[in-house]
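Hi everyone, thanks for coming.

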Amino acid sequence: MFLTFRELREAINELSDEQLDMTASVYDPHATEVFSISECFVTHNLPQNHQEELDGVVEENQPLLVIGPLEGLVDNEKE
C-alpha cells in the first residue's frame, strides 16, 4: 500500500509546530539515505520535457514531491 496525499495531509496535521518548521524529507531505507524535498509540483505545471518523461507514468494532474536540484523545473529568472 502506498500513501495518498489525503493520508499525508492527515499525518502532517498531527505534527507539532516545531516539526512543521523542519525541512520536509524522505527516507529511503534501502539506500539508508535521507533526501530533502525541494518542491511540490502538479504534473501539468512542470516544463514540457518533464511532462513528456512522465507521460503514462503518472496522472496528468498528479502532485509530485521533488527531491534534488530544481534546475530546469523552475524559472530561475523570477524577480
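Helices (H or I, at least four residues) and strands (E, at least two) are DSSP runs, numbered from the N terminus. This is a predicted model, where local features need pLDDT of at least 70, side-chain atom pairs count only at pLDDT 80 or more, and totals for chains, interfaces and linings use all residues. Residues are numbered from 1 along each chain as its sequence is written, and side-chain values use heavy atoms, with hydrogens and water left out.

Let's begin with the largest pocket. On a 1 Å grid over the protein atoms alone, a pocket is an open set of points with protein on both sides within 12 Å along at least five of seven lines, and lining residues have an atom within 4 Å of a point. The largest pocket holds about 670 Å³ of space, the volume being what probe spheres set on the points would fill, with points joined across faces, edges and corners. Its lining has 20 residues, with Leu8, Ser25, Val26, Ile37 and Leu65 nearest the centre. Helix 1 gives the largest share of that lining, 4 residues.

Last, Thr32, in the loop between strand 1 and strand 2 (33–42). Thr32 has a positive phi near 50° without being a glycine. Most residues other than glycine have a negative phi. Thr32 is also exposed, at 61% relative accessible area.

Definitions and conventions
On a 1 Å grid over the protein atoms alone, a cavity is a set of points where a 1.4 Å probe fits but cannot get out, and a pocket is an open set with protein on both sides within 12 Å along at least five of seven lines; lining residues have an atom within 4 Å of a point. Buried means under 20% relative accessible area, exposed over 50%, partly exposed in between (1.4 Å probe, protein chains only).
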